[in-house]
Structure formats: structure tokens, C-alpha cells
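Good morning, and thank you for making time for this. I would ask you to keep the structure in view while I speak.

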Amino acid sequence: MNIAIIGSGVFGIGNAISLASNKDNKVIVWTESDESLKKIEDSRDNYEALNGIKIPRSIKFTTSYEEALKDANLVLLMTSAKFIDSVTKAMKPYINDKMVFVIGSKGIEQNTCRFLHEVFKDNIRTRNLGILSGPSFAIDIAHNEPVALACATNNINVCNKVKRAYKGTNIKIRRSKDLVGTELAGSIKNVIAIAAGILEGLGYKESTRAFLITESLHDIKELTYKLGGNKKSILSYAGVGDLLLTATSTKSRNYSYGILLANNKKKSDEFLNNNTVEGYYTLKSIYSLIKKKKVKMPLIDLIYKIVVNGDDPNLLIDFLLKKD
């Protein structure tokens, strides 16, 4: 299978390494600049961002959409969520009806509050579209750790193609039909991870973070339903699975950002400027979305006040202990 990965961040490269281990696959990765291309090529034998892993020579890198998409059967979009609109517009001249597209990016478009599958469909008309989401750090995928992902799609052929692509790897794929619920869960968990990091930064222990995670599940479930998704998606790999992973580990940039935010605003701002913290941008999108849809989510309101407006992080504890 010819696989094009659009995006050369750690998640894109981590998946490229996994997919390249299937000898039936030919993998090409699109990267955004000549500078980025040179940096990757120079560090193939010791890719520091993924703990010094070797990037196989069989994986090709390019800055050309035309070259990346020329023979692709499966296209995985792994860019930051904010670039999905511009990337899909740039891809459009080079696609064909037989291609299968899967979005691995997580987030909600900030200005429009559109889900990423909606952004994609506004630019590219296709029935061959899916969402890939679940508890997975790029470094674990690259190092062949057992990982489970949900593939949300209305077309079973999309999921079957994804399963064939990952055949022989340690990645298990399970189909979902709920694009909205899968995308929402995969996006909002980054916001909850920031709040969980804040609790750790304040010195609270695992029990308190579990308290927060449990409370958030109720809100996510109700918001999913009100946006047209399936409440049961909260129990999927993309739901509670991804939330537990992201909101409990310092491998998560969102969680790490929350820890810094609780202790040192200057350092947290520096971290935000130097790292992709999807939860920060998703928080703004989710906040706008719930106001637009007139959905009450006090936890999101509070996280917004702390992260964006600079309110006291200790208000999180007051919120958790508030009597029903």
C-alpha cells in the first residue's frame, strides 16, 4: 500500500515508522519546508524527538504535495489542527476519487468552531474519510508499544484499509461510526489534561486528578450528545482511553503545560511559545462552541478563566468540592 503522511511532527513520524514496519507499505511523509526536511534527513540515525530512534531509509520525505500524493492509496493527515484548512486546500489539485483519507490531528478550528472532518469536507468532497484517535503517544507508536486506536468513519472500507495498513504492527484498530463523538473526545481531553496538570502543579495527588477526570466525563458525554454524537463514544479508545493517558502523564505537552501554569506563568508562556499545546487552542474553540450552542459546561468555563484570563488555579479545588 502506498501511504502518504501529511505532517512531519513527532506523531506523523512515529506513525510513519510503525507503518514502514509493514513491508507491504511504501511510506512518504510531507514536511512543510526545506529547513525541516534537512533537519529530519540529518537526524535519521538518531531522531532525538523520539528518544534517539532510527528513522528507516525506506521512509521518504518531501516538501512537494504532488510527490507525496502521486501514488497514494491512503493519506493520513497528521498536521496541527490549525493547519488542516490550508493543507487540504493545497492538497486538492493532486487527489483522486480512489484515495482514502484519515485525519489523525486533534482539535477544533478556532475561528469557526468546525470539527476537522467538517473542515476537510468543505475543501475536499469524498466518502472515503475517517478519524483516527485514541490513547497514543508518538514515542510509544514509534517504539512498537501495544497501542489501541479508534477509526471513526461512515464507510467500512476506510476502516478496513487502515487495518490493512497497520497489519503486523502493535496497533489495534477498532471501528466507530461516530465522527462527532470521536473528534470531540480527542479534542477536549487535551483541555482536561491542562487542568489535571494544574492540579499536579498545585501539589495535589492522583486521587484528586482522578476526581477531576471523572467529573469531566459527565460533561463530555452530555456535550457529545448535544452536538449530535453518541454518548457511548466516551467509553471508546478515543474517549476515556485517550483522556486517561493524556491527563495523567508528563509525556503530554498539555499536562506539562498545566503543571507550569500552576507554578510559573513566565515559564508556562515560554513552553506555550516553543511547543504545540493543542489543548490551549482547543479550549478557546470549545469555549466559543458551548456559548454558541448555549450549552452549560461550568468546568470548561472555569478552565478558560484560569488558563486564558489568569484566574487563581486554586479555584479548581473549590469547583470540585462544591456541594451538588
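Let me begin with the largest pocket, where helix H2 supplies the largest share of the lining, four residues. Please bear in mind that this is a predicted model, in which local features need pLDDT of at least 70 and side-chain atom pairs count only at pLDDT 80 or more, while totals for chains, interfaces and linings use all residues. Residues are numbered from 1 along each chain as its sequence is written, and side-chain values use heavy atoms, with hydrogens and water left out.

A word on terms. Rolling a probe the size of a water molecule over the atoms shows where empty space is left. Here a pocket is an open set of points, on a 1 Å grid over the protein atoms alone, where a 1.4 Å probe fits, with protein on both sides within 12 Å along at least five of seven lines; lining residues have an atom within 4 Å of a point. Grid points are joined across faces, edges and corners, and the volume is the space filled by probe spheres set on the points. Helices (H or I, at least four residues) and strands (E, at least two) are DSSP runs, numbered from the N terminus.

How much space lies in the largest pocket? The value is about 1500 Å³. Its lining comprises 47 residues, and Gly-9, Val-10, Phe-11, Arg-253 and Thr-276 lie nearest the centre. Among the helices that each supply at least two lining residues are H1 (10-20), H2 (34-42) and H11 (253-263). By class, the lining holds 16 nonpolar, 20 polar and eleven charged residues; Ala, Val, Leu, Ile, Met, Phe, Trp, Tyr, Cys and Pro count as nonpolar, Asp, Glu, Lys and Arg as charged, and the others, Gly among them, as polar.

The second largest pocket has a volume of about 350 Å³. Of its 17 lining residues, Asn-2, Lys-26, Val-27, Ile-28 and Lys-60 lie nearest the centre. Strand S1 (2-6), strand S2 (26-30) and helix H3 (65-69) each contribute at least two residues to that lining.

I turn now to strand S6 (residues 129-133). Five of its five residues are buried, meaning under 20% relative accessible area with a 1.4 Å probe, protein chains only. Leu-129, Ile-131 and Ser-133 lie on one side of S6, with Gly-130 and Leu-132 on the other. Strand S5 (residues 100-103) pairs with S6 in the parallel sense over three bridges, where pairing requires at least two DSSP bridges. S6 and strand S7 (residues 147-153) pair in the antiparallel sense over four bridges, and Leu-132 has Cys-151 as its bridge partner in S7.

Note on methods:
Buried means under 20% relative accessible area, exposed over 50%, partly exposed in between (1.4 Å probe, protein chains only).
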